[in-house]
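Open the structure in your viewer and keep the selection tool at hand. We will go from stop to stop.

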Amino acid sequence: MAVVRFLHTSDWHIGRTFHGADLLAEQEAVLGHLADLVAGEAIDAVLVAGDIYDRAVPSAEAVRVATKAVSRIRAAGAQLVVTPGNHDSAPRLGAFAEFAAAGGLHLRTTVAGLAEPVLLDDGHGPVAVYGIPYLEPEPARHALGVPDARGHTGVLTEAMRRIRADLEIRPGVRSVVLAHAFVTGGEPTDSERTIAVGGVEQVPGSVFDGVDYVALGHLHGPQTLAEHLRYSGSPLAYSFSEARQRKSVWLVDLDADGLAEVRRHELPVPRALATLTGELEDLLLDPAHDAYLEHFLSVTVTDRVRPVDAMRRLRERFPYAVHLDWAPAGGHAGAPLRYSDAVRGRSDIEVSRSFLDDCRGAPPTEREEQLLFLALEAADRGALAK
């Protein structure tokens, strides 16, 4: 039976760094795999549900990677439907949209055009693909002509009302919607930028009722909220909270009656993430850690005294160590403490003594205390002279 086959992806965040490390090579590699998947799975259209770039004004290198990825996907045989997310600039992303559509790249970036579908045909008739750009509630409620709409739920409800109204004049047409939103029931990670407005960022899944498939973007973990309502997640991990996720895309088949099948395809991992904990010398010398030489690493050192120049030394063995914490054995460094409570009723010399003890795990020597006392006396004299 003939089907229309979609590949659902989102949150490419091209140009994002990982704790300061450049990710363009990794992004280019995993997006190149999407092009291979398009060819291997006979994909008709790739749906990109927002956050193509990591910032509104992407770098020239980020634009190069995005352009190459889109070109490869198109050359592999699929059209693309792309909507902006909260990280993108909709006007920049949508520049030359009418010309791009002629080449199979459909940029759905305007509020005015959200109910104008991309129409695909599989022999059973058309499939209408609607792209809802990320809707910032305050400007969107005015652009949509619903000034009384409240929050994300209000503006997305109006957007979907317009889409359903268009579907009513297309009886029997199957439908797909792209949206960039935080739908109730989704699980966030540490790497999404909040879209909270007035303390409320979530929208109920029922907002999207009435269509065959909803390709969601914004949350970076792949997840299924309902058979027809899914997040693809980001193609790469952008925080260590995602280290155990298996990044993926959804392959979505629509047959003559609507949604027929959804399959998950796991993506390759250009550079894995890992965490290591231990004393610095053990981390540097233990051959058991050789397996992590090419991983992005978050390292926690547990030395009783904070090691000097620890990150530089770690990177001599682990070139992709990107994050470092110090948590001495026994928890000396990790207990939460309010400054006002820590200094209440204590003299300047006592506070200074505790500071040195906390920083290096040992109290000042007698000679160091004398120097501290002299320094504090000099500071007092300077304050009085003013």
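A salt bridge here is a side-chain nitrogen of Lys or Arg within 4 Å of a carboxyl oxygen of Asp or Glu. Keep in mind that this is a predicted model.

**Stop 1**

Select Glu 266 and Arg 246. They form a salt bridge, with the closest N and O atoms 3.5 Å apart. The pair ties together distant parts of the chain, 20 residues apart. Glu 266 belongs to strand β16 (residues 258–266), while Arg 246 sits in the loop between β14 and β15. Glu 266 is partly exposed, at 39% relative accessibility. Arg 246 is partly exposed too, at 41%.

**Stop 2: bridges within helices**

Go to helix α2 (residues 60–75) and select Glu 61 and Arg 64, which are three residues apart, about one turn of the helix. Their salt bridge has its closest N and O atoms at 3.2 Å. Glu 61 has 41% relative accessibility, so it counts as partly exposed. Arg 64 is partly exposed at 36%.

Now move to helix α8 (residues 310–317). Glu 316 and Arg 312 both lie there, four residues apart, about one turn of the helix. In this salt bridge the closest N and O atoms are 2.6 Å apart. Glu 316 counts as exposed because its relative accessibility is 60%, and exposed means over 50%. Arg 312, at 44%, is partly exposed.

**Stop 3: a network**

Select Arg 5, Glu 41, Asp 253 and Arg 263. Salt bridges link these residues in a network. How many salt bridges does the rule count? The count comes to 22.

**Stop 4: a buried serine**

Select Ser 232, in the loop between β14 (229–231) and β15 (248–255). Is Ser 232 buried or exposed? Ser 232 is at 0% relative accessibility, so it counts as buried. Show side chains: a polar contact of 3.1 Å joins those of Ser 232 and Ser 10. Leaving aside residues up to four places away in sequence, Ser 232 also touches others, including His 8, Leu 216, Pro 222 and Trp 250.

**Stop 5**

Most residues other than glycine have a negative phi. Two exceptions come next.

Select His 13, in the loop between β1 (4–9) and β2 (17–18). Its phi is positive, near 50 degrees. His 13 is buried, at 1% relative accessibility.

Then select Ala 42, in the loop between α1 (24–41) and β4 (45–49). Ala 42 has a positive phi of about 55 degrees. Ala 42 is exposed, with a relative accessible area of 53%.

**Stop 6: where two domains touch**

Zoom out and colour by domain. The assignment gives domain 1 (3–264), domain 2 (272–330) and domain 3 (336–385). The centres of domain 1 and domain 2 are 38 Å apart, taken over C-alpha atoms. Nine residues of domain 1 contact eight residues of domain 2. About 660 Å² is buried between these two domains, and carbon and sulfur atoms give 85% of that area.

The side of domain 1 that touches domain 2 has six nonpolar residues, two polar and one charged. Across this interface the rule finds zero salt bridges.

Notes: Residues numbered from 1 in each chain as written. Predicted model: local features only at pLDDT ≥ 70, side-chain atom pairs only at ≥ 80, totals over all residues. Heavy atoms only, no water. Domains from an automatic or database assignment. Contact = heavy atoms within 4.5 Å. Buried area = accessible area lost by both parts, 1.4 Å probe. Nonpolar A, V, L, I, M, F, W, Y, C, P; charged D, E, K, R; others polar. Helix = DSSP H or I, 4+ residues; strand = E, 2+ residues; numbered from the N terminus. Buried < 20%, exposed > 50% of the residue type's maximum accessible area, 1.4 Å probe, protein only. Polar contact = N/O pair within 3.5 Å; in protein donor to acceptor, adjacent residues only side chain to side chain.
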